[in-house]
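Take a first look at the model below.

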Amino acid sequence: MAKTTSTDNGSRRESRLPRFSLDRRITVLMILVTIVVLGSVATVSIPLELFPSGFQGNHLAIRVPWRDAPAQEVLDKIILPLEEELSTVPGIGKVNSYARTGFGMVTLMFKQGTDMDVAYREARDRVERARLVMPDDVEQVFIFKEDTSGIPIYFVGLAIDPAVIDVYNLIQDEVILPLSRIDGVASVEPHGLEEKEILIELDRERTAASGLNIYDLAQQLSNDNFTMSSGNVLHGGRKLLLRSVARYSGIEELENRLVSDNIRLRDIAEVTYDLPDKDYRVRAMSRPAVALSVLKEGDANALEVAQRVDAVVEELRANPRLQVMEVATLFDQGEVIMESLSTLLGAGRIGGIVALLVLFFF
């Protein structure tokens with residue numbers, strides 16, 4: 001008798017939800033409509049990002065430049081004092097460091113659950129303590145915090161014809177400027193693009209024979225090129241602003257500059273207008289190349305900005321002035337987001353089909 005009663009009670013409990021749905025059809029319909037509306041609003045309103053908003057990694061990196069210092073000196077006077085101070089930061093799980101000619105780097109990995117804002121402040125305090133024992137000519141210490149907003153949303157590669165003379169202005173005017181004007185783009189950073197400079201290579205023997213000091217000569221040349229405000233003048237009821245401009249009109253004028261009573265700059269130095277010496281080369285498809293990274297504004301939708309950038313890149317490919325270079329997309333965060341969404345929707349469809357089959361059979 002007791003067994004029968006228990007079975008009846010279980011059957012009544014199992015039938016409560018279907019009975020409620022049948023007796024309160026309008027209520028159930030409104031609940032369903034509310035869920036659909038909320039889901040639709042969330043789908044449309046929530047921005048699509050590669051990483052969730054507010055995501056914080058558990059890494060900090062401290063980079064200390066020390067110009068022309070050998071690696072062993074960087075290790076002894078930069079890395080070791082930093083490691084000694086940073087080892088007391090709460091929550092540290094692992095410390096990696098290395099020293100190279102001209103700079104040192106220390107990377108901190110924190111344990112899961114560590115408040116990275118607090119960790120950043122603690123690390124900054126330890127760095128200030130370590131700076132007291134660093135050499136006086138160490139000017140800056142950089143602390144890098146892992147931030148997803150600093151990840152470029154787009155990379156553009158430009159393979160340039162070596163016959164192009166003015167590459168810098170061409171890319172600045174025809175590529176970087178249109179990309180920078182896109183709504184939602186914060187900045188466009190070129191990699192491998194350098195502007196030509198005026199290079200003055202002094203002959204040490206001739207300079208010494210002329211009785212000139214290289215340091216004083218460098219100071220004089222640097223003071224020759226300037227622009228400064230010179231006040232204002234009232235003329236005819238108008239206020240005119242005055243500006244003093246001192247600059248050379250060309251290489252020949254600079255070469256003919258007198259550095260002493262009867263010696264010109266060309267007599268003791270070779271003056272050229274060319275790219276500065278660099279210890280790296282960027283090439284693609286056997287041609288000189290430049291890479292551009294596009295960063296979005298903090299609150300901008302990554303997918304929408306990436307699509308706008310992609311549309312402008314297509315226009316650049318059709319630009320007649322850019323036919324001397326090949327424009328290639330190296331990375332598109334929008335494609336990665338859409339691929340991730342496609343994978344998620346595919347998994348959802350498979351799960352839905354499996355659920356229907358299970359309900360059908362059981």
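Helices here are DSSP runs of at least four residues, numbered from the N terminus. By that count, I176 lies in helix α6. The model is a predicted one.

**I176 and its surroundings**

Is I176 buried or exposed? I176 has a relative accessible area of 7%, so this residue is buried. Neighbours within four places in sequence are left aside in what follows. I176 is then in contact with I171, V188, P190, L193 and L292. V44 is elsewhere: I176 and V44 are 31 Å apart in space, C-alpha to C-alpha. Along the sequence, 132 residues separate the pair.

**Helix α11**

Helix α11 covers residues 302-317. The helix has 16 residues, which should span 22 Å at 1.5 Å a residue. Its end C-alpha atoms are 23 Å apart, and that agrees.

Which residues of α11 are buried? They are A302, L303, V305, A306, V309, V312, V313 and L316. The cover over these buried residues includes strands β5 (154-160), β6 (185-191), β12 (287-296) and β13 (325-332). Helices α6 (167-180) and α12 (333-361) are also part of that cover.

The N-terminal end of α11 is capped by N301. A side-chain oxygen lies 3.0 Å from the backbone nitrogen of L303 in this cap.

**Helix α12**

Helix α12 has 29 residues. From first C-alpha to last, α12 reaches 42 Å. That is close to the 42 Å expected at 1.5 Å a residue.

The buried residues of α12 are Q333, G334, I337 and G346. What covers them includes α11 and β13.

**Helices α2 and α3**

Now to a pair of helices. Two packed helices are described by the angle between their axes and the distance between the axes. Helix α2 spans residues 16-23, and helix α3 spans residues 25-45. Their axes come within 5 Å and cross at roughly 95°. Angles of 65 to 115 degrees count as roughly perpendicular. The two helices are therefore roughly perpendicular to each other.

From α2, the contact is made by F20, S21, L22 and D23. From α3, R25, T27 and V28 take part. By class, the contact has three nonpolar, two polar and two charged residues.

F20 is found in α2. With a relative accessible area of 40%, F20 is partly exposed. Leaving aside neighbours within four places in sequence, F20 is in contact with T27 and V28.

**Other residues, one by one**

T207 sits in helix α7, residues 204-209. At 1% relative accessibility, T207 counts as buried. A polar atom of its side chain lies 2.7 Å from the backbone oxygen of D203. Not counting residues up to four places away in sequence, T207 touches L202, L212, I214 and I268.

N58 lies in strand β1, residues 56-65. At 18% relative accessibility, N58 counts as buried, because buried means under 20%. What does the side chain of N58 make a polar contact with? The partner is the side chain of H59, at 3.0 Å. Beyond residues up to four places away in sequence, N58 touches L108, M109, F110, Q112, M116 and E146.

A130 belongs to helix α5, residues 116-131. A130 is buried, with a relative accessible area of 0%. A130 touches P81, L82 and E85, not counting residues up to four places away in sequence.

I165 lies in the loop between β5 and α6. Is I165 buried or exposed? At 69% relative accessibility, I165 counts as exposed.

**Separations in sequence and space**

The table sets sequence separation beside C-alpha distance.

| Pair | Apart along the chain | C-alpha separation |
|---|---|---|
| I165 and V233 | 68 residues | 43 Å |
| I176 and V44 | 132 residues | 31 Å |
| A130 and F226 | 96 residues | 38 Å |

Methods: Residues numbered from 1 in each chain as written. Predicted model: local features only at pLDDT ≥ 70, side-chain atom pairs only at ≥ 80, totals over all residues. Heavy atoms only, no water. Buried < 20%, exposed > 50% of the residue type's maximum accessible area, 1.4 Å probe, protein only. Polar contact = N/O pair within 3.5 Å; in protein donor to acceptor, adjacent residues only side chain to side chain. Contact = heavy atoms within 4.5 Å. Expected span 1.5 Å × (residues − 1). Axes fitted to C-alpha atoms, helices over the stretch in contact; angles between N-to-C directions. Parallel < 35°, antiparallel > 145°, perpendicular 65-115°, else oblique. Nonpolar A, V, L, I, M, F, W, Y, C, P; charged D, E, K, R; others polar.
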